[in-house]
Amino acid sequence: MYAQLVETGVTQVKSAEQLSGADQAFQRRIDDGIKIEPKDWMPEAYRKTLVRQISQHAHSEIVGMLPEGNWVTRAPSLKRKAILLAKIQDEGGHGLYLYSAAETLGVSRDDLVDDLLAGKAKYSSIFNYPTLNWADIGMIGWLVDGSAIINQIPLCRCSYGPYARAMVRVCKEESFHQRQGYDLLLAMCKDGTPEQKEMCQDAINRWWWPALMMFGPSDAESVNSAQSMAWKIKLFSNDDLRQKMVDQTVPQAEYLGLTLPDPDLKWNPQRGHYDFGKIDWSEFQEVLKGNGPCNRDRLKARRDAHAKGAWVRDALSAYAAKKEARAAA
C-alpha cells in the first residue's frame, strides 16, 4: 500500500528515503499488518490524525442522536417508538466507545467535548440537515447509516488496535440500523398510502446528495486521505467508497419504487458501475463552515444538554473522590 502510494506521485506521502529510522520501522509494522497499540511508539502526526478522526467520529455519533430524537414523541406507533429509542441509545453508546478509544491516545474526553461545544471540532455534515417528516427517519437509517457502514467496515481492519476493536460492535449495530430504516421505508412505500410514498420521495430528494457527501471530498481535493491510507487508518479512498454506496443503493431504491434525484445516473457496462452526477461541493463546504440548515441548532442543543447535566458529572466526581478517600483511609 505505502509503496503504491509513493509510486503514484501523491505528494502528501513521503518516500522511504525521506523517513527517519523510527518512522521507517513504524511504516514496516503498518505494511506487515501489525496493529499499533497505545503503548507502542508512533509518529506524532499519526497520533494527531487518529485523534482528529476518532474524535470527529465520536462527535458525529453524539450529534447524530439529535435529528432522530426530534421524532421520538411523534413516532406513529409504540413499536416504531421503541425501535427509534433503541437506535438512539445505540448511537450514544457508539460515541462513548469512540471517546474511550481516543483517550488511549493521551487526550482528555473533557477537552474533546469542550472543543465540540466551542465549535472547534467537526462532526459529520449530514447531521446539520433537518428531519421534516417521518420518512426522514427511514432515510437516516437506510442512506446515512448505510453510508456509515460502507465507510466504517474497513475501519475494523485499521492499523490502530483500540479503534479497530471498537468498530466491530459499532458496525454490527449500524448494520441493524440500516435494516430498520429500510424496513420503515418498505412499510411506507409498499403498504402505505400514496401520500406516504410521496413523503418518502420527498425525503430521498433531500437526503441523497448529502449522503454521498458523507464520504468526504473527492480524492483529488482530500488533504489527508493519502497519508491516512499509507498508515492504514483508511483502507479505501473517498471516491471508491462513494462509488460502492451508489452501486449498492440504486437497486434498493428501484425496489422501493423511488427515483434518485440525479438525471445523470445510469449504468455503465464498460466500468461495471453506475455513473452519477457532479456533487455540489460548495454546499458541503458551507455546511462545514457552520452555515448548514441546523448547525446552530445542533450545537445549541448539545451545549444546553451539557449544562443541564453538570450536576450529574459533579455528583459522580464527588462520589469517586469519596470512594477513593475511603480506600486510602
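Which residues are linked with E68 in a network of salt bridges? The network joins E68, K87, E91 and D145, a salt bridge being a side-chain nitrogen of Lys or Arg within 4 Å of a carboxyl oxygen of Asp or Glu. The model is predicted, so that local features need pLDDT of at least 70 and side-chain atom pairs count only at pLDDT 80 or more, whereas totals for chains, interfaces and linings use all residues. Residues are numbered from 1 along each chain as its sequence is written, and side-chain values use heavy atoms, with hydrogens and water left out.

The structure holds 15 salt bridges. In one of them, the side chains of E68 and K87 meet at 2.5 Å, N to O. Because E68 lies in helix α4 (residues 65-69) and K87 in helix α5 (residues 78-103), this pair ties together parts 19 residues apart in sequence; helices are DSSP runs of H or I with at least four residues, numbered from the N terminus. E68 is buried at 1% relative accessibility, and K87 is buried at 5% (buried, under 20% relative accessible area; exposed, over 50%; partly exposed, in between; 1.4 Å probe, protein chains only).

A salt bridge also joins R80 and D183 (3.2 Å, N to O). This pair links distant parts of the chain, with R80 in helix α5 and D183 in helix α8 (residues 161-190), 103 residues apart. R80 is buried, with a relative accessible area of 12%, whereas D183 is partly exposed at 37%.

Within helix α11 (residues 238-256), R242 and D239 lie three residues apart, about one turn of the helix. Their closest N and O atoms are 2.9 Å apart in a salt bridge.

Definitions and conventions
Helix = DSSP H or I, 4+ residues; strand = E, 2+ residues; numbered from the N terminus.
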